[in-house]
Protein chains: 2
Amino acid sequence: MTNFEVREYDAAGRLGELDVPRAGVTVSTPTILPVVNPHVQTIDPAALEAEFGAEILITNSYILHGSDQLREPALSEGLHDLLGFSGAIMTDSGSFQLAEYGDIDVTTEEILAFQQEIGSDIGTPVDIPTPPDVERERAERERETTQERLERAAAMDTGEMLVSAPVQGSTYPDLRERAAREAKTTGLDVFPLGAVVPLMNEYRYADLADVVAACKRGLGETGPVHLFGAGHPMMFAMAAALGCDLFDSAAYALYARDDRYLTVRGTELLADLEQFPCQCPVCTEHTPAELRKLDEDTREDLLARHNLHVTYGEIRTVRQAIRAGNLLELVDSRARGHPTMLDGYRTLLDHAEQLERTDRVSKDAFFYASTESAHRPEVVRHHERLDRFDIDAETVLLTEGGSNDRYDETWGVLPPFGPYPRELAETYPLTAEVPDRTDRAAYEAAADGVARLVALHPDTSFTLVHDDWPETALSRVPERVRLQDLHARE
Amino acid sequence: MTNFEVREYDAAGRLGELDVPRAGVTVSTPTILPVVNPHVQTIDPAALEAEFGAEILITNSYILHGSDQLREPALSEGLHDLLGFSGAIMTDSGSFQLAEYGDIDVTTEEILAFQQEIGSDIGTPVDIPTPPDVERERAERERETTQERLERAAAMDTGEMLVSAPVQGSTYPDLRERAAREAKTTGLDVFPLGAVVPLMNEYRYADLADVVAACKRGLGETGPVHLFGAGHPMMFAMAAALGCDLFDSAAYALYARDDRYLTVRGTELLADLEQFPCQCPVCTEHTPAELRKLDEDTREDLLARHNLHVTYGEIRTVRQAIRAGNLLELVDSRARGHPTMLDGYRTLLDHAEQLERTDRVSKDAFFYASTESAHRPEVVRHHERLDRFDIDAETVLLTEGGSNDRYDETWGVLPPFGPYPRELAETYPLTAEVPDRTDRAAYEAAADGVARLVALHPDTSFTLVHDDWPETALSRVPERVRLQDLHARE
């Protein structure tokens with residue numbers, strides 16, 4: 001069964017469509033599932049749908065199950081009528097409560113049956129959210145328990161309801177990868193990556209990138225991937241580039257309650273704002289001083305609306321970037337919001353080879369936007385594919401300048417890619433826009449490309465004409481390559 | 001006479017208040033002056049005021065002067081009634097037409113008198129907009145002509161009307177600086193930096209940064225600086241960080257006419273958009289597909305409104321960043337929009353010493369957000385101020401680790417700043433947030449700080465305990481410093 005289709009890739013980022021049969025809707029991804037608390041609705045679900053275009057939301061079936069007021073209405077009216085929402089509704093199982101309080105009073109079978117009874121469109125088993133940094137043995141044991149529950153869930157008849165298969169494994173990449181691979185074998189439909197909230201709360205974006213990359217290795221390209229509890233718009237681009245399709249967030253509401261204001265660069269306190277750094281309807285119609293004077297409920301409502309506008313705005317920005325093929329340029333920009341985000345971006349690029357596998361072969365133009373750009377998947381791919389070209393010349397000139405008849409063959413050289421056959425000059429990514437003030441990282445990546453090409457052709461004699469490369473780059477070029485400075489020749 | 005007050009600095013960026021006596025308003029800066037074409041008003045000035053909060057706009061007095069339909073109404077009703085705008089109105093003089101068509105039929109005296117008659121709040125003489133890259137002789141000659149006109153303008157009685165003093169000089173930094181210094185001596189009120197549009201049209205942001213920095217050296221902190229014709233929000237942060245206070249733009253309207261859509265990361269064609277990467281009222285209420293189906297006038301109106309929303313949104317973002325003291329972090333993020341913007345940012349940082357002079361001494365936290373951060377004014381200042389500390393110890397330990405009693409004195413070391421007296425550890429900028437994955441640029445800047453400190457104390461013996469610094473950094477440390485690797489010691 002395939003209920004998820006990818007329309008377009010950029011790095012590991014995907015524009016997808018998730019078919020939710022029970023709701024009769026197709027959800028465009030990446031997207032965010034606003035968390036709706038069944039008891040307290042900061043923004044009511046009808047408004048989420050009408051004003052923000054929400055196609056899907058998430059609520060907690062465990063709270064409904066345990067509520068004297070809401071359990072019966074949920075069963076008799078069904079979730080959609082109870083909440084007043086016609087899109088897709090995903091339900092969480094109580095795993096969060098299990099992690100917080102150590103114990104809950106339902107089994108996977110009970111809660112999935114209840115979710116089905118109340119009309120949930122995507123149900124969730126009771127997995128064990130193993131926190132970061134626990135002992136390996138505990139992470140292994142809990143992963144096994146989670147997998148058993150997923151298998152029991154898969155064996156149940158849940159009708160048209162999709163069922164999610166959370167992936168655990170703490171901060172052990174190999175356990176995450178294995179958990180993902182086994183979750184995939186269950187045939188379940190949606191893959192939440194669990195227990196990542198503690199990483200995000202501590203700004204551990206580098207660890208988050210490693211965890212997501214590990215899970216994705218296990219999952220391959222199966223099904224939509226849900227970054228459970230990720231609701232801050234500052235990290236949507238990065239998570240999407242790693243291959244996450246769904247986010248969920250109570251942040252818009254929780255933060256509003258504390259007078260906190262979301263931006264794609266971080267979180268601000270309303271008290272610290274003199275101007276709203278935003279053009280959403282709330283921020284164009286009010287000033288921070290005006291908002292501070294309002295009564296608490298109105299202020300909370302307006303802040304929650306701002307938080308949702310910036311959240312959905314970033315989701316659209318991510319989608320448009322995938323469409324345009326410049327998602328990594330967006331990640332690059334967002335990485336400047338906090339030094340730990342830069343750590344996350346640098347770690348994401350450690351996985352460039354993995355991201356390269358789904359990255360599309362041609363896009364509009366590669367923008368060299370930072371020293372980090374030298375490590376992008378396109379550079380990795382260019383180096384990997386150097387083995388596709390035959391060279392039967394005895395002498396080859398690799399040059400940033402013009403051809404020279406004294407050599408049997410001339411290749412171009414472009415930092416950060418390195419050497420390329422001249423007939424490819426007008427193809428992606430060699431049509432790159434690079435700054436005039438190039439940096440060492442670009443020259444060094446180009447030198448690595450030279451080294452790779454030279455290694456592939458042990459019997460060929462190479463000359464590299466470079467335009468004032470720094471020593472750190474030249475030292476990466478194999479010794480047998482003759483070096484000339486472009487301007488020294490003139 | 002001082003009609004401009006700076007409330008707060010960040011780098012050379014300023015939160016200011018421009019008192020416009022004739023309009024009876026005080027304009028908060030940085031801000032944008034929407035260009036209103038007297039003949040065709042895409043968004044009418046009353047809406048600019050009511051919906052977008054425009055406190056000031058700019059229109060062209062030369063067009064009014066030469067218009068059979070508008071000249072008389074402008075004279076009889078006055079500009080404010082003619083346009084329906086109660087804020088401040090600045091008028092251009094026809095210099096743009098002079099640059100475009102080579103000749104105009106008014107003198108500085110005539111057009112300034114006309115501007116005053118029609119009730120302009122800020123008038124402009126007829127300067128000569130010298131394009132980039134012209135021969136130096138021409139740039140010199142035209143600069144002199146412009147200066148003569150400024151002096152004639154300054155000699156006129158223009159009542160309460162403020163008068164601007166455009167600064168020319170093509171792409172010659174020394175001419176720009178001199179033009180600025182002489183413009184300042186006229187005592188005129190507002191300083192437009194002229195003929196920069198060709199630089200922006202060609203994405204020459206590095207040259208733009210050099211031109212602005214040169215003009216600012218000549219102007220000092222006198223009066224508001226207007227980046228004439230700068231209307232793309234992608235460069236507001238950078239220009240503001242260099243010390244520009246006013247921008248003006250017809251881009252919102254001109255681009256809308258061509259179905260072009262502004263973002264802080266560049267310009268998009270409506271035809272290429274599947275999602276609006278924005279949360280403004282237009283973009284939350286419509287999809288690109290919907291907009292494409294509308295009739296041309298409605299589409300143009302909505303695109304112009306989006307363009308204005310994103311423009312004013314970015315102005316507020318810049319203001320809030322100056323307030324919060326993180327303007328350079330914003331520039332860093334915006335620099336990732338295009339490789340030429342990165343060139344601009346790197347060039348801006350060439351002027352770090354100049355920017356440092358007005359930068360405030362304490363802010364919330366320094367974020368190390370990119371390799372470029374190693375060259376920020378705070379790093380330059382830290383190095384410059386190392387001469388403020390006396391050392392009478394014979395042996396000094398500079399260390400990324402803990403103290404050691406074997407040395408007379410112990411200093412801390414923090415990339416990118418370098419050595420610091422330990423009692424300053426909790427002060428700005430040493431409270432910096434730096435990524436775990438630090439880069440060579442940070443270590444090298446720290447090494448430069450070590451070199452500077454060591455040069456100041458020729459009789460002291462220094463030991464540097466570093467945490468695995470790369471060779472490129474260690475090679476910048478003077479030879480007489482004993483080196484130890486932090487982990488090699490353990």
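This is a predicted model: local features need pLDDT of at least 70, side-chain atom pairs count only at pLDDT 80 or more; totals for chains, interfaces and linings use all residues.
## Ground rules

Local features need pLDDT of at least 70 and side-chain atom pairs pLDDT 80 or more, while totals for chains, interfaces and linings use all residues. Residues are numbered from 1 along each chain as its sequence is written, chains are lettered from A in the order in which they are written, and side-chain values use heavy atoms, leaving out hydrogens and water.

## How the copies are related

Turn chain A by 180°, with a shift of 0.0 Å along the axis, and it lies on chain B with an RMSD of 0.0 Å (least squares on the C-alpha atoms of residues with pLDDT of at least 70 in both). The two copies are thus related as by a two-fold rotation axis. Both use the same surface: 100% of chain A's contact residues (heavy atoms within 4.5 Å) turn up again in chain B.

## The interface

Each side puts in its share: 54 residues from chain A and 54 residues from chain B. About 4800 Å² is buried between them, with 46% of that from carbon and sulfur atoms; this is the accessible area (1.4 Å probe) lost on putting the two parts together, summed over both.

Ten salt bridges cross the interface, each a side-chain nitrogen of Lys or Arg within 4 Å of a carboxyl oxygen of Asp or Glu. One of them pairs A:R437 with B:D350, whose closest N and O atoms are 2.8 Å apart.
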